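User: I would like to learn how to read a structural model one feature at a time, with the general idea ahead of the particular case. Could we begin with the charged side chains?

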Amino acid sequence: MNREETMNTKWIAALLAAMTVSYAGAAQPEPDVVVFFHHGTQSPTVVGLAEVQATNMLATAGVTVAWRLGSAREQGHAEIIEAVLTEQADPNVRPGAMAFATLGVQAGTRIEIYYNRVRMNACDEAFSRVLAHVLVHEITHVLEGVERHSASGVMKARFAPEDLIQMRRAPLSFATEDLALIRAWSEKHNARLVAGLR
Ligand SMILES: [Zn+2]
């Protein structure tokens with residue numbers, strides 16, 4: 001696909017998305033990704049803060065996200081991701097990992113976040129920021145569709161102590177290669193959107 005076709009596809013997709021009418025009757029752009037986040041007994045305020053930050057971080061890569069409660073169901077043409085916050089991770093399961101994404105499946109739970117391990121890396125005040133980074137990291141794995149990590153930014157294999165300190169000031173950004181992979185996902189997603197609505 002050349003640059004012009006890409007632009008056209010994006011423009012048509014944006015136009016179609018803008019024409020999508022919500023249940024309330026107002027025209028609302030359809031999100032690229034809808035995350036059904038099961039956060040158990042965790043405070044909706046803290047989780048809500050993490051969701052807002054994760055939304056803003058993914059927006060820097062051109063991806064729009066909406067967060068939903070309840071069981072996963074189809075939401076227009078959006079990519080559906082189901083995420084579960086597990087209170088207590090089994091210490092023998094993926095030791096040290098704060099979360100895990102299952103790749104290559106189209107339905108069901110795709111992201112599992114281990115609350116106790118995120119908590120170990122974040123005091124009260126920092127928890128929602130670290131959770132936002134963990135969510136963005138795992139959602140990006142699902143979009144990229146490959147098990148890979150970058151040397152810097154939010155797709156680092158492990159967040160070092162200095163990354164956790166940095167998160168308190170400003171969110172970690174995406175490495176150039178992650179922006180390229182996410183852009184490739186967006187182009188495929190928009191092309192499917194256009195094809196599906198023809
Ligand atoms: Zn990872």
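User: Which residue forms a salt bridge with Lys156, and how far apart are the closest N and O atoms?

Analyst: A salt bridge is counted when a side-chain nitrogen of Lys or Arg lies within 4 Å of a carboxyl oxygen of Asp or Glu. In this case Lys156 pairs with Asp163, and their closest N and O atoms are 2.9 Å apart. Please keep in mind that this is a predicted model, in which local features need pLDDT of at least 70 and side-chain atom pairs count only at pLDDT 80 or more, while totals for chains, interfaces and linings use all residues. Residues are numbered from 1 along each chain as its sequence is written, and side-chain values use heavy atoms, with hydrogens and water left out.

User: How many salt bridges does a search of the whole structure find, and which parts do Arg168 and Glu125 tie together?

Analyst: The search finds 6 salt bridges. One of them brings together the side chains of Arg168 and Glu125, at 2.9 Å from N to O. Arg168 lies in helix α5 (residues 161-169) and Glu125 in helix α4 (residues 124-144), so the pair ties together parts that are 43 residues apart in sequence. Here helices (H or I, at least four residues) and strands (E, at least two) are DSSP runs numbered from the N terminus. Arg168 is partly exposed, with a relative accessible area of 39%, and Glu125 is exposed at 52%.

Another salt bridge joins the side chains of Glu177 and Arg148, at 3.9 Å from N to O. That pair also links distant parts of the chain, with Glu177 in helix α6 (residues 176-197) and Arg148 in the loop between α4 and α5, 29 residues apart. Glu177 is partly exposed, with a relative accessible area of 37%. Salt bridges with shared partners join Glu144, Arg148, Glu177 and Asp178 into one network.

User: How should I read the metal site, and which atoms coordinate the zinc ion?

Analyst: Donors are N, O and S atoms within 2.8 Å of the metal (3.2 Å for Na, K and Ca), and water is not among the atoms, so sites may look incomplete. The zinc ion is coordinated by the NE2 atoms of His137, His141 and His149, at 2.0 to 2.1 Å, and its donors follow the spacing H-x3-H-x7-H along the chain. His137 and His141 both lie in helix α4, 4 residues apart, which is about one turn of the helix, and both are buried.

User: In what order do the 5 strands of the open sheet stand?

Analyst: Strands of a sheet pair through backbone hydrogen bonds, either parallel or antiparallel. Two strands are taken as paired if DSSP finds at least two bridges between them. The 5 strands stand in the order β2-β1-β3-β5-β4, and the pairing is mixed. β2 (65-68) and β4 (99-101) stand at the edges, each with a single partner strand, so one side of each is left without a neighbour in the sheet.

Strand β3 (residues 79-86) has 6 of its 8 residues buried, so it is largely enclosed by the rest of the structure. It runs parallel to β1 (residues 33-38), joined by 6 bridges, and parallel to β5 (residues 109-114), joined by 5 bridges. By contrast, β4 and β5 run antiparallel and are joined by 3 bridges.

User: Which helices pack on the sheet?

Analyst: Packing is read from contacts, meaning heavy atoms within 4.5 Å. Angles run from 0 to 180 degrees between N-to-C directions, with axes fitted as lines to C-alpha atoms, for helices over the stretch in contact. Helix α2 (residues 44-59) touches β1 and β2, and its direction makes about 160° with that of β2. Helix α4 touches β1, β2, β3, β4 and β5, and its direction makes about 155° with that of β5.

Note on methods. Buried < 20%, exposed > 50% of the residue type's maximum accessible area, 1.4 Å probe, protein only.
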